[in-house]
Amino acid sequence: MAEEKKNEDETMDIIGASGLSQNSGRVSEEFLPDLKGDKAARMYKEMSMNEPVITGILYAIRTLVRQTKWEIRESDDTPEAKAAAEFVSECLFEDMEQTWSDTLSEILSFLTFGFSVNEITYKIRRGPTEEERQFKSKFSDNRIGWRGFPIRSQESVDKWDIDDEDGSILGVYQNPPPNFDMRYIPRDKFLLFRADAHKNNPEGRSVLRGAYISYYYKKKITTYEAIGISRDLAGLPVLEVPLQILSSSASSGEKAVLASMKNMIQRVGRDEYEGLVIPSEQLADGTPSGYRLKLLSAGGRRPIDVNEIIKRYESRIAMSMLGEFILLGSESVGSFALADSKTSLFSQALGTYLDSISAEFNNQAIPKLMRLNGFQEKDFPRLAYDDIEVPALGELTGALSGLVGSGILTPDDKLEEYVREHANLPAVDSMSARMEPEQEGAPDDLDVYDAQEAEPVDDVEGAGISTAAPDVPVSAVTLNGAQVSSLLSIIEQVSTGTLPRETAVQLIVTSFSVTEEKADNLLGPVGRAPVPQTETEQQNEDA
């Protein structure tokens, strides 16, 4: 037994280490001096604010993430699980001092700096009339809710509390302005978001790291370009002076004159020391020309195309961030297929960032809030998000038609709600009758159902429905007024050529739960290519 106990203890021991290079909580994984310690935060901040390509890509990320639909999903269909999910949804989306959208914006700073520390702050929900912020809430149930997740800026992080044995993160030391007093935040009191968790590095890895070299050279070349343009436009000022005042034997007065001349010519240009002081020339009779001011012009266009070099570095910056799509069209090149593939890859990358955000909430913030309020672990909900990039309507209807037709997917209320929302169709009206598929023995006429009268209406115009589109063919279905309006709108788009007939058929199939044959009958001849007449038919028509 003792031997078995010893083997069990050895099995549970941690032997190796992550290999993170750190000393007393200060990480030193970076080998470039400009990207170590406080310099890294300053450099990444400069890149994110000064480089147009980086600024554009980060703005695209923030916009896409903030417009993504987030929700709290229950763990089960029980009343307890639904109540727990509703409570967390209230805390996160309705009752924080900072809105969820603004909180996301703060969290996304981990893309720029590599990490983001957001402290978990709580409050007791005692109602909206409370004056103290730790008790003020929209709700009055005396439960513990989230006050917010305020950021602890990356520039103020001094060092980390890292376990020497297994490398786990125990806390963080912060040295914030204006008092710069050292503060310690334990790990269970903050959320840590990272773009990369290699070696469990608490500082992660900035998404701008791969763009640094390109940014460094582009910045220098851009500066040289601006100086070159300035000198090409203004010329280089040159002041000729007598040779005597440039010699070592010049008198103190001559030296004072020379210093005055240097000061004058330096002020001619806009850059420091932009000007030359050289000996004067001799005239034809041998006498010196004396003092003479002129501009030394540039030699014309330089053999190096600076513009192409700058574009190359911009392309590499965008490539390192998977944001090349932002440059498509800047030179009138790039196909739609190329843009579509690049944006799809970009959206997939954003999905990994959203996964890390939701995982941190699901592993840290939500479980602790649930335990503080006495919820059972089996009822803990989770934070989830919808897709960032939704498929095109034609692709969606085609895919759904194939899945439904093959029996893989069965239409239900949730699927209909999703399709209606995606296609910008009217929402289902619970007070109106639903259109049902054809039943055996059903009539062959299309009845227009008026929701208020609850009786079939034969006069479409009298029911307040536009008849601008071609007549709707007969079908064994019953439609309410909103559905007829939607159907007529689809038919009208097909008749004007703005919507292909095949796409319209699939849209009707998924939106109205009918077969392709019935959808085709509803469209009738609208959008079909005309059938060529035979010679006999043409002669009969002419006669």
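Select helices α14 and α15 to begin: their crossing is right-handed, the near helix being turned clockwise from the far one by less than a right angle. The model is predicted, local features need pLDDT of at least 70, side-chain atom pairs count only at pLDDT 80 or more, and totals for chains, interfaces and linings use all residues. Residues are numbered from 1 along each chain as its sequence is written, and side-chain values use heavy atoms, without hydrogens or water.

Helix α14 spans residues 501–512 and helix α15 residues 516–523; they pack at about 120 degrees with axes 9 Å apart. That angle makes α14 oblique to α15. Helices are DSSP runs of H or I, at least four residues long, numbered from the N terminus.

Next, display the contact residues (heavy atoms within 4.5 Å). Arg501, Ala504, Val505, Gln506, Ile508 and Val509 of α14 meet Glu516, Ala519, Asp520, Leu522 and Leu523 of α15.

Now centre on arginine 501, in helix α14. Arginine 501 is buried, at 9% relative accessible area, where buried means under 20% (1.4 Å probe, protein chains only). Its side chain makes a polar contact of 2.7 Å with the side chain of aspartate 520; such a contact is a pair of N or O atoms within 3.5 Å, within protein one able to donate a hydrogen and the other to accept it, and residues adjacent in sequence count only if both atoms are side-chain atoms.

Finally, select isoleucine 490 in helix α13 (residues 481–496). Isoleucine 490 is buried, with a relative accessible area of 3%. Its C-alpha atom is separated by 8.7 Å from that of leucine 507, 17 residues apart along the chain.

Conventions: Axes fitted to C-alpha atoms, helices over the stretch in contact; angles between N-to-C directions. Helix = DSSP H or I, 4+ residues; strand = E, 2+ residues; numbered from the N terminus. Parallel < 35°, antiparallel > 145°, perpendicular 65-115°, else oblique. Buried < 20%, exposed > 50% of the residue type's maximum accessible area, 1.4 Å probe, protein only.
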